Amino acid sequence: VVEYLLKARDLGIKVNKEMINRAKDFLEKNAYYDKQDGNNQPTINESNAARKYGLTLLGSDQAKSLQVNIEELPPDLLALSIMANIKQGDNNPDTNGLSRLLSIAKTQGDEVYWEAGRSKHFGSRDASTALALRAILASGSNDDIAIKASRYLLRQRKIDYWSNTFGTAQVVQAASDFVNNVNEFNPNYTYIVRLDGKEIAR
(Lines give C-alpha, C1' and ligand atoms only; values in the text may rest on other atoms or scores of the structure.)
Protein backbone atom coordinates (compact mmCIF):
# COMPACT_ATOMS: atom_id res chain seq x y z
CA VAL A 1 0.00 0.00 0.00
CA VAL A 2 2.80 2.41 0.93
CA GLU A 3 4.52 1.86 -2.41
CA TYR A 4 1.45 2.77 -4.43
CA LEU A 5 0.55 5.75 -2.27
CA LEU A 6 4.05 7.09 -2.93
CA LYS A 7 3.74 6.36 -6.66
CA ALA A 8 0.42 8.20 -6.76
CA ARG A 9 1.97 11.17 -4.96
CA ASP A 10 4.90 11.21 -7.37
CA LEU A 11 2.45 11.29 -10.28
CA GLY A 12 0.91 14.47 -8.87
CA ILE A 13 -2.14 12.88 -7.26
CA LYS A 14 -3.03 14.46 -3.95
CA VAL A 15 -2.24 11.99 -1.18
CA ASN A 16 -2.99 12.83 2.43
CA LYS A 17 0.39 13.49 4.07
CA GLU A 18 -0.98 12.35 7.42
CA MET A 19 -1.76 8.95 5.93
CA ILE A 20 1.87 8.58 4.83
CA ASN A 21 3.09 9.67 8.26
CA ARG A 22 0.79 7.20 10.01
CA ALA A 23 2.02 4.39 7.78
CA LYS A 24 5.61 5.30 8.59
CA ASP A 25 4.82 5.44 12.31
CA PHE A 26 3.12 2.04 12.16
CA LEU A 27 6.02 0.39 10.33
CA GLU A 28 8.58 1.92 12.68
CA LYS A 29 6.79 0.72 15.82
CA ASN A 30 5.20 -2.59 14.91
CA ALA A 31 6.38 -6.07 14.06
CA TYR A 32 2.70 -7.17 13.65
CA TYR A 33 3.55 -10.63 14.89
CA ASP A 34 0.99 -12.74 16.75
CA LYS A 35 2.07 -16.15 18.05
CA GLN A 36 -1.57 -17.19 18.46
CA ASP A 37 -2.33 -17.02 14.73
CA GLY A 38 -1.08 -20.50 13.86
CA ASN A 39 1.19 -21.79 11.13
CA ASN A 40 0.18 -19.22 8.55
CA GLN A 41 1.42 -16.34 10.68
CA PRO A 42 4.54 -14.64 9.32
CA THR A 43 7.64 -14.94 11.47
CA ILE A 44 9.30 -11.87 12.93
CA ASN A 45 11.96 -12.24 10.22
CA GLU A 46 9.31 -12.15 7.48
CA SER A 47 7.57 -9.18 9.07
CA ASN A 48 10.89 -7.35 9.25
CA ALA A 49 11.47 -7.96 5.53
CA ALA A 50 8.16 -6.32 4.64
CA ARG A 51 8.73 -3.50 7.13
CA LYS A 52 12.25 -2.90 5.80
CA TYR A 53 10.95 -2.48 2.25
CA GLY A 54 8.21 -0.06 3.32
CA LEU A 55 10.52 1.96 5.54
CA THR A 56 13.16 2.12 2.80
CA LEU A 57 10.59 3.59 0.42
CA LEU A 58 9.58 6.07 3.11
CA GLY A 59 13.19 7.11 3.74
CA SER A 60 13.14 6.05 7.39
CA ASP A 61 16.46 5.79 9.23
CA GLN A 62 15.14 2.64 10.92
CA ALA A 63 15.12 0.67 7.66
CA LYS A 64 18.83 -0.15 7.84
CA SER A 65 18.63 -1.26 11.46
CA LEU A 66 16.06 -3.98 10.80
CA GLN A 67 17.75 -7.38 10.79
CA VAL A 68 16.55 -9.80 8.12
CA ASN A 69 17.86 -13.32 7.55
CA ILE A 70 17.52 -13.72 3.77
CA GLU A 71 18.10 -17.48 4.00
CA GLU A 72 14.77 -17.98 5.78
CA LEU A 73 12.52 -15.81 3.61
CA PRO A 74 9.93 -17.10 1.12
CA PRO A 75 10.48 -15.85 -2.46
CA ASP A 76 8.04 -12.92 -2.35
CA LEU A 77 9.51 -11.39 0.81
CA LEU A 78 13.03 -12.22 -0.31
CA ALA A 79 12.39 -10.15 -3.44
CA LEU A 80 11.17 -7.21 -1.32
CA SER A 81 14.25 -7.52 0.86
CA ILE A 82 16.53 -7.49 -2.20
CA MET A 83 14.87 -4.34 -3.54
CA ALA A 84 15.26 -2.66 -0.14
CA ASN A 85 18.92 -3.68 0.05
CA ILE A 86 19.61 -2.36 -3.45
CA LYS A 87 17.87 0.94 -2.65
CA GLN A 88 20.13 1.15 0.43
CA GLY A 89 23.23 0.70 -1.75
CA ASP A 90 23.97 -3.04 -1.39
CA ASN A 91 24.60 -4.21 -4.96
CA ASN A 92 26.46 -7.39 -4.02
CA PRO A 93 24.23 -10.35 -5.02
CA ASP A 94 25.73 -12.52 -2.30
CA THR A 95 24.76 -10.12 0.49
CA ASN A 96 21.63 -8.44 -0.87
CA GLY A 97 19.84 -11.76 -1.47
CA LEU A 98 19.86 -11.92 -5.26
CA SER A 99 22.09 -15.01 -5.42
CA ARG A 100 19.70 -16.90 -3.17
CA LEU A 101 16.69 -15.74 -5.18
CA LEU A 102 18.24 -17.05 -8.38
CA SER A 103 19.17 -20.33 -6.70
CA ILE A 104 15.55 -21.09 -5.75
CA ALA A 105 14.05 -20.30 -9.15
CA LYS A 106 12.11 -23.16 -10.76
CA THR A 107 12.70 -23.90 -14.44
CA GLN A 108 9.83 -24.90 -16.69
CA GLY A 109 10.89 -25.20 -20.33
CA ASP A 110 11.86 -21.71 -21.48
CA GLU A 111 10.37 -20.09 -18.37
CA VAL A 112 11.31 -19.58 -14.73
CA TYR A 113 9.03 -19.01 -11.76
CA TRP A 114 9.15 -18.84 -7.96
CA GLU A 115 6.89 -20.65 -5.50
CA ALA A 116 4.07 -18.86 -3.72
CA GLY A 117 4.53 -17.09 -0.42
CA ARG A 118 2.09 -17.30 2.48
CA SER A 119 -1.63 -16.93 1.82
CA LYS A 120 -1.64 -14.28 4.55
CA HIS A 121 0.41 -12.17 2.14
CA PHE A 122 -1.92 -13.08 -0.76
CA GLY A 123 0.87 -15.34 -1.98
CA SER A 124 0.84 -16.96 -5.40
CA ARG A 125 3.39 -18.08 -7.94
CA ASP A 126 2.38 -15.07 -10.03
CA ALA A 127 3.06 -12.61 -7.21
CA SER A 128 6.34 -14.28 -6.21
CA THR A 129 7.54 -14.39 -9.82
CA ALA A 130 6.53 -10.78 -10.47
CA LEU A 131 8.30 -9.58 -7.32
CA ALA A 132 11.36 -11.69 -8.20
CA LEU A 133 11.35 -10.15 -11.67
CA ARG A 134 11.21 -6.66 -10.15
CA ALA A 135 14.15 -7.50 -7.86
CA ILE A 136 16.19 -8.84 -10.78
CA LEU A 137 15.44 -5.74 -12.83
CA ALA A 138 16.40 -3.52 -9.88
CA SER A 139 19.78 -5.27 -9.81
CA GLY A 140 20.46 -4.39 -13.46
CA SER A 141 21.68 -7.91 -14.18
CA ASN A 142 20.49 -11.34 -15.33
CA ASP A 143 18.40 -10.13 -18.27
CA ASP A 144 18.14 -13.73 -19.49
CA ILE A 145 16.38 -14.78 -16.28
CA ALA A 146 14.19 -11.67 -16.41
CA ILE A 147 13.06 -12.60 -19.91
CA LYS A 148 12.22 -16.16 -18.82
CA ALA A 149 10.29 -14.88 -15.79
CA SER A 150 8.31 -12.41 -17.90
CA ARG A 151 7.53 -15.23 -20.34
CA TYR A 152 6.13 -17.30 -17.48
CA LEU A 153 3.96 -14.44 -16.26
CA LEU A 154 2.55 -13.66 -19.69
CA ARG A 155 1.49 -17.29 -20.10
CA GLN A 156 -0.23 -17.44 -16.70
CA ARG A 157 -2.83 -14.79 -17.40
CA LYS A 158 -6.42 -15.93 -16.93
CA ILE A 159 -8.64 -13.86 -19.24
CA ASP A 160 -7.96 -10.41 -17.72
CA TYR A 161 -6.26 -11.19 -14.41
CA TRP A 162 -3.68 -13.39 -12.71
CA SER A 163 -4.08 -15.38 -9.45
CA ASN A 164 -5.69 -12.57 -7.46
CA THR A 165 -5.80 -8.78 -7.26
CA PHE A 166 -2.45 -8.56 -5.48
CA GLY A 167 -0.80 -10.91 -7.98
CA THR A 168 -2.27 -8.95 -10.89
CA ALA A 169 -0.98 -5.66 -9.48
CA GLN A 170 2.51 -7.12 -9.05
CA VAL A 171 2.53 -8.56 -12.58
CA VAL A 172 1.44 -5.24 -14.10
CA GLN A 173 4.18 -3.41 -12.16
CA ALA A 174 6.77 -6.02 -13.15
CA ALA A 175 5.71 -5.82 -16.81
CA SER A 176 6.09 -2.04 -16.73
CA ASP A 177 9.54 -2.33 -15.14
CA PHE A 178 10.51 -4.99 -17.68
CA VAL A 179 9.56 -2.90 -20.71
CA ASN A 180 11.51 0.07 -19.31
CA ASN A 181 14.65 -1.90 -18.40
CA VAL A 182 15.17 -4.77 -20.83
CA ASN A 183 15.98 -4.35 -24.49
CA GLU A 184 13.81 -7.30 -25.48
CA PHE A 185 11.32 -4.89 -27.07
CA ASN A 186 13.98 -2.53 -28.45
CA PRO A 187 16.51 -4.91 -29.98
CA ASN A 188 19.65 -3.56 -31.59
CA TYR A 189 19.80 -5.64 -34.76
CA THR A 190 21.47 -5.10 -38.10
CA TYR A 191 19.81 -6.64 -41.12
CA ILE A 192 20.70 -6.99 -44.79
CA VAL A 193 18.18 -7.54 -47.60
CA ARG A 194 19.53 -9.24 -50.71
CA LEU A 195 17.84 -9.86 -54.05
CA ASP A 196 19.53 -12.42 -56.27
CA GLY A 197 22.63 -12.13 -54.09
CA LYS A 198 22.81 -8.35 -54.41
CA GLU A 199 22.42 -6.20 -51.31
CA ILE A 200 19.48 -3.85 -51.72
CA ALA A 201 18.96 -2.62 -48.17
CA ARG A 202 20.71 -2.56 -44.79
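This note sets out numbered points on a predicted model of a single chain.

1. Overall make-up. The chain holds nine helices and four strands. The chain has 202 residues, of which 41% count as buried. When contacts between residues at least 6 apart in sequence are considered, 59% of them join residues at least 24 apart.

2. The largest nonpolar core. This core comprises 36 residues, and those with the most contacts inside it are Leu101, Trp114, Leu133, Ile136 and Phe178. At least two residues each are supplied by α3, α4, α6 (98-103), β2 (111-113), α7, α8 (143-155) and α9. The largest share, eight residues, comes from α4. Apart from this core lies another, of twelve residues, with Leu5, Leu27, Leu58 and Leu66 among them.

3. Trp114. This residue is one of those with the most contacts inside the largest nonpolar core. Which residues does Trp114 contact, leaving aside its neighbours within four places in sequence? They are Pro75, Leu101, Ile104, Ala105, Arg125, Ser128, Thr129, Ala132, Ile136, Ile145 and Ala149. Two of these partners, Leu101 and Ile136, are also listed among the residues with the most contacts in that core.

4. Helix α4. The helix has 13 residues and spans 18 Å from its first C-alpha to its last, close to the 18 Å expected at 1.5 Å a residue. It is mostly covered, with twelve of its 13 residues buried. The buried residues are Pro75, Asp76, Leu77, Leu78, Ala79, Leu80, Ser81, Ile82, Met83, Ala84, Asn85 and Ile86. Their cover includes α3, α5 (93-96), α6 and α7. Just after α4, Gly89 takes a positive phi of about 100°.

5. Helix α1. Its buried residues are Val2, Glu3, Leu5, Leu6 and Ala8. The elements covering them include α2 (17-29), α3 and α7.

6. Two or more lining residues come from each of α1 (2-10), α3 (44-58), α4 (75-87), α7 (125-139) and α9 (165-181). Which element gives the largest share of the lining? The answer is α1, with four residues. By class, the lining has seven nonpolar, two polar and six charged residues.

7. Glu3. Is Glu3 buried or exposed? Glu3 counts as buried because its relative accessible area is 11%, and the cut-off for that class is under 20%. Not counting residues up to four places away in sequence, Glu3 touches Tyr53, Leu57 and Arg134.

8. Most residues other than glycine have a negative phi. Phe122, which is not a glycine, has a positive phi of about 60°. Its place is in the loop between β2 and α7. Phe122 has a relative accessible area of 52% and is therefore exposed, as that class begins over 50%. Asn142 likewise has a positive phi, near 60°. Asn142 is found in the loop between α7 and α8. With a relative accessible area of 28%, Asn142 is partly exposed.

9. Asn181 and Gly140. Asn181 is placed in helix α9. How far apart in space are Asn181 and Gly140, C-alpha to C-alpha? The distance is 8.0 Å, while the two residues are 41 residues apart in sequence. Asn181 has a relative accessible area of 47%, so it is partly exposed.

How values were computed: Residues are numbered from 1 along each chain as its sequence is written. This is a predicted model: local features need pLDDT of at least 70, side-chain atom pairs count only at pLDDT 80 or more; totals for chains, interfaces and linings use all residues. Side-chain values use heavy atoms; hydrogens and water are left out. Ala, Val, Leu, Ile, Met, Phe, Trp, Tyr, Cys and Pro count as nonpolar, Asp, Glu, Lys and Arg as charged, and the others, Gly among them, as polar. A nonpolar core is a set of buried Ala, Val, Leu, Ile, Met, Phe, Trp, Tyr and Cys residues joined through side-chain atoms within 4.5 Å. Buried means under 20% relative accessible area, exposed over 50%, partly exposed in between (1.4 Å probe, protein chains only). Contact means heavy atoms within 4.5 Å. The expected span of a helix is 1.5 Å times one less than its number of residues.
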